[in-house]
Amino acid sequence: MSESPTKARQKRRKFQAIRGTRDLLPNETALWNRVEQTAHAVFNVFGFGEIRLPIFEPNELFARAVGDDTDIVGKEMYRIADFLELVRNLFVGKTRYPSSDAEASLATEIKMLLQILVNEAHRALATQELDTSGENPSRIKELSDLLRYADEKWPAFSPVVDDPEWQEFVSKAGKAAEGIAIESLSLRPEATASVCRAYIEHNLQQLPQPVKLYYMGPMFRRERPQKGRYRQFYQIGAEVLGGSDAPAIDAEVIQMLMAFFNKINLAGTTLVINSIGHSADNCRRTYVETLRAALQAVKSKLGPDSQRRIDTNPLRVLDSKLESEQSIIETLPRISDHLCDDCRANYAAVKSELQLRGVIYKENWRLVRGLDYYMRTTFEITAQGLGSQNAVCGGGRYDGLVELLGGPPTKGIGFAIGEDRLILSLQEGGQAAGASADAPVAGRSAPLVYIAWMGERAYATAVRAATDLRNAGFGVELPPVAQKFVKALGQADKLGAKYALILGDNEVAEGSWTLKTLADGTQTKLPEPALIEHLRKSAG
Ligand code: AMP
């Protein structure tokens, strides 16, 4: 029988990376590695240690830390579709109105869903995806028992929805199902929440404070992809948790960031700072109310997003990029005129600590973070060549966050660098050169030595030579099948090798090998034991 057209089409399907995600090939990863290694080195000298975090966490963690009403959590989070949760919710929904539909089909559906729910719940219990310490096991056992009871009592379906026993069964099963505690998970949209969770979970407040941590890795947001904006993107971030909130800490974090950008030669950076006051000292609360009143007065001139934010989060209006709103925003009251004495002194101290460290900054009163626990210092760094998505880093102080997640009162400040944008800016600015010099061909690094071997005896020697050279740290390409010397030399050239090591039966018999420098065609004859020393010397 011939293949169906659908099958044939499926076979022909070409897979591509999902929109907003991408492959980084070796000619690019060289630069990524250079950036990451520089981050390790710079952050280490500032006393930061690396933390590696899971890529998924409970929704609840992000909802609490980032905020339910933010775009990141409200609209952009990749929730992991959980089959058990879906079936459970469907089932509970169906059991709510058991007699609203007199059709036997409803009863069939209820029993079928219960069957699926019980199977899936047992599987999730066995893998401990469900918490096994609480009431989950007993609820699931109750559901199994109810299912068995229903199977015996109503083996075939006639309409039973009017039967009071059926109704009792449905109501009991619905309640038991509702009681299963299911943790919904999401791919992380950012990592500060996870760092704070880890700080609490591992009692890091017992270590000498502050604890200085950094991380790097992928983050996930459902965004509309464009240049510099991806759905899987990478961040390099750092957090200082615990201890004091001295202005010197804020300044040192920013100094480290600028030292890192400097070390990787990121050109055209601008550091912008601001202070957004302190909610507990009331200066921000008073300012937010003043701002809200001023916004109400110009409400009709604002776009729908900003109009909505007057109620939900007036500070976010200041973030607006809408052209028509810019002149209005310029007339609004500014936080700098409303800071309390403590916050004003703190901001002045942060600025003088930055000056002491030679860090150049600009101020922008519109740089805010919308969440309540952000306070005082906020900062952002922009770079060149990125168009509208030109922020490569955002950060700020968040003294209330650890406490919000159930930990002790803890000071905190941190930042996240968008690594994709950082790389893009390096590439656009031409500072990426050099990083990929050893990778002229996508897919491999240029070898130092290409072993051009011919003949069976030579092959065994070639394998040994490749092993010895690689152990000594030299890049070696060993062709898997014999080639004519002309072809082998051509291949060595294409791969960008510096030398070809010529091993034919003669060379092997003599124990004296020929090393050909490909750039100028010169050849040196060397006894086998002298080869590594010779390469070391010529590598300088
Ligand atoms: P945020 O966590 O939103 O404060 O972002 C910190 C930094 O991450 C930004 O300054 C960007 O450089 C980068 N970033 C945020 N979202 C994306 C995205 N969708 N694609 C690429 N980079 C991003």
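An oxygen atom of the ligand lies 3.5 Å from a polar backbone atom of glycine 418. Keep in mind as you work that this is a predicted model.

### Exercise 1: the ligand

Find which side chains place an N or O atom by an oxygen atom of the ligand, then work out which strands supply the shell around the ligand.

**Solution.** 

1. Begin with the residues around the ligand: there are 14, and the closest are Arg221, Glu223, Tyr230, Gln235 and Ala391.
2. The side chain of arginine 221 has an N or O atom 2.9 Å from an oxygen atom of the ligand. For the side chain of glutamine 235, the corresponding distance to an oxygen atom of the ligand is 3.0 Å.
3. Turn to surface area. The ligand taken alone exposes 480 Å², and the protein buries 86% of that.
4. Next, assign the shell to strands. At least two shell residues come from each of S5 (232-241), S9 (391-397) and S10 (412-418). Strand S9 gives the largest share, three residues.
5. Finish with residue classes: the shell has six nonpolar, three polar and five charged residues.

### Exercise 2: a helix pair

Describe how helix H5 (residues 83-96) and helix H8 (residues 164-178) cross, and name the residues that meet.

**Solution.** 

1. Two numbers are needed, since packed helices are described by the angle between their axes and the distance between the axes.
2. For H5 and H8, the axes come within 9 Å and the crossing angle is roughly 150°.
3. List the contacts. From H5 come Arg88, Phe91, Val92, Thr95 and Arg96, and they meet Val170, Ala173, Gly174, Ala177 and Glu178 of H8. Sorted by class, this contact has five nonpolar, two polar and three charged residues.

### Exercise 3: two backbone details

Locate the cis peptide bond that involves proline 210, and say where glutamine 128, with its positive phi, lies.

**Solution.** 

1. Recall the background: most residues other than glycine have a negative phi, and most peptide bonds are trans.
2. Check omega between glutamine 209 and proline 210: the value is about -5°, and the bond is cis.
3. Now check glutamine 128, whose phi is near 60°, a positive value in a residue other than glycine. Glutamine 128 also belongs to a loop, the one between helix H6 (104-126) and helix H7 (136-153).

Key:
Residues numbered from 1 in each chain as written. Predicted model: local features only at pLDDT ≥ 70, side-chain atom pairs only at ≥ 80, totals over all residues. Heavy atoms only, no water. Axes fitted to C-alpha atoms, helices over the stretch in contact; angles between N-to-C directions. Helix = DSSP H or I, 4+ residues; strand = E, 2+ residues; numbered from the N terminus. Contact = heavy atoms within 4.5 Å. Nonpolar A, V, L, I, M, F, W, Y, C, P; charged D, E, K, R; others polar. Near = heavy atom within 4 Å. Polar contact = N/O pair within 3.5 Å; in protein donor to acceptor, adjacent residues only side chain to side chain. Areas by Shrake-Rupley, 256 points an atom, 1.4 Å probe, with all protein chains shown as cover.
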